Amino acid sequence: MTQPRLSSVFIPLGAVALAAAAYAWGRSVSTENQGDAAVAAEQAERVAVLERAVKRLRAANRKATPPSSQALAVHSTNRATASDPTRGGGEEDRDPVDGADVQELHPDEAARLAHQTRIKYFDELSQRVDTELVDGAWRHRTEAPLERLLSEHLGPNVKVSEATCASTFCRVTLSHPESPRLPSNEMFEFDLSRATLEVTEVLFDVRAEGTTTLYLKRGQAPATVQAAAEE
Amino acid sequence: MKKLVRFKTVAILSALALGAIPSDVWAGATAPGNGCTVLLGGTPNYGTTGLANNTGATMVVSCPIPMDHALTNTVNFRVYINDRSATEVLSCAGYVHDWNGGQLGSATPNMVCSNNQAECSELVSASTTVPSQSSSNVYSVQCTIPGSAIYSGIESVRAF
Amino acid sequence: MERLTKLSFVPALVLVALSGDALASPNTASANHCRPVTSGTYSYGTVGIANLGTSNMTVACPIPMDATALGSTVSFRMRVTDNSTVGGFSCTPYVFTQDGTQLAAGAAKTTTGPQTGGVTFSSWTVSVPGNVNTNMYSIRCSIPGNFSVINTARAE
């Protein structure tokens, strides 16, 4: 009677302790000098075998993960803003390009995949702006002021080609043929001034040089924080 | 029962695998250009992440790449440069030092615009092989930025 | 009993399922990394940068990061001390590619003019679809004068 109860406690504890010990050992190994070529080669081979096992398990885990949790950032961002503004870290928002898959790829391949992810994301976001029901009141108080602020702050070399606000995002296309990207100093001034509008974060579709499409997410600008004297 | 045994085995092996993998499997770091320090010249213009030389005179900067882990013996450097000068060359070199300040390696060739272009905005790269690696080694890129055209500068430096 | 045995390997699987960057670094950077974007009188402390002038100046505070690719939602945090009864802080977080192209900007966080004291800007997120480990993170701030200070900046 007692033995099964003990096992049911020790087996889980043992698994966790084993994993933690392995983790700590692995981290300590990485800080030592790896000057010994023979040892390094042996370790590399061992690591490669273990890595393959890890990859197989991660692939299986991804397949088992429900599709909704691999949704685009636009859905997870809305969830975060609407229901949990304090959420950070974004582990569950991570799309397949982020995380370990990027780390294990050659940097150029990782960049290529990330680029593909971004294009797909922005194509879908653009479609969303075109198809979602329009909040006329928000559009009225946001679209024109947005165009005006951008023109004021970004200067004559940047033209607003198009500005469309739907109900959750505004899409603004900027043309700047004389430079590959938008000027960061002027964008900062615009970012400070857009606090008067009902938009929060801004995403940049920069797939083409000389053109930038901004997606401004609807939301209340953060309230001004009152500083408090520290005790 | 057999499935459970296999499941257990794979799970334990995999947990050990994750712990056993040295952290330099996920290696390297990218540092913004505005982290560079001026060695020679006036005050640069800083951007949100980059640095530009608008002084009218040549500037030499050293750009550290904070690193918390050991890289492999072959160290690759990449720098995103904006060379706006038609007459002078923006040139960068990558270095590996130990924590005593002793130089272990310098990357070749010098990183400049490719194809002998007079001006470019480009990711340039070079590499070096060091005899031994340690997580206490330090990585930096030193760049000579011409002053003959404004907005020549460094956006980012990377070692991996 | 069998279910308990299976459950005991959940911790092991969790460790495996977590990608390397979940185990590695978010980063908190000293504001000594901050650089002046507009002219002003400033000084660096052991940790931090202070605006010694009487009016606001703008600085950019990059957050050095290692090989980790942060997720598609990046959280920023900044600790500041507002010593001005006239002006206040205005800070915006940014994500840039390695070639200096802006990818995302967060909402501006501000402090009031009259009040003085310490403030932590938090609950501050930015969406970065397709985030890669070569992206760069920075917070740009307008700092009020009178020895107002930025202490630290963090991205995770």
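**View 1. An open sheet of 5 strands in chain B of a predicted model**. The strands follow the order 2-5-10-7-8, with antiparallel pairing. Strand 2 (37–40) and strand 8 (103–106) of chain B are the edge strands, each pairing on one side only. On average, neighbouring strands of this sheet are turned by 30° against each other, direction ignored. Strands are DSSP runs (E, at least two residues) and helices are runs of H or I of at least four residues, both numbered from the N terminus; two strands pair if DSSP finds at least two bridges between them. Axes are lines fitted to C-alpha atoms, and angles run from 0 to 180 degrees between N-to-C directions. The model is predicted: local features need pLDDT of at least 70, and side-chain atom pairs count only at pLDDT 80 or more, while totals for chains, interfaces and linings use all residues. Residues are numbered from 1 along each chain as its sequence is written, chains are lettered from A in the order in which they are written, and side-chain values use heavy atoms, without hydrogens and water.

**View 2. Strand 2 beside strand 5 in chain B**. The antiparallel strands are joined by 3 bridges, strand 5 covering residues 59–65. B:Val38 stands opposite B:Val61 of strand 5.

**View 3. B:Asn82 in strand 6 of chain B**. Strand 6 spans residues 74–83. B:Asn82 counts as buried because its relative accessibility is 5%, buried meaning under 20% relative accessible area with a 1.4 Å probe, protein chains only. Its side chain makes a polar contact (N or O atoms within 3.5 Å, one able to donate a hydrogen and the other to accept it) with the side chain of B:Ser121, at 2.8 Å.

Note on methods: Buried < 20%, exposed > 50% of the residue type's maximum accessible area, 1.4 Å probe, protein only.
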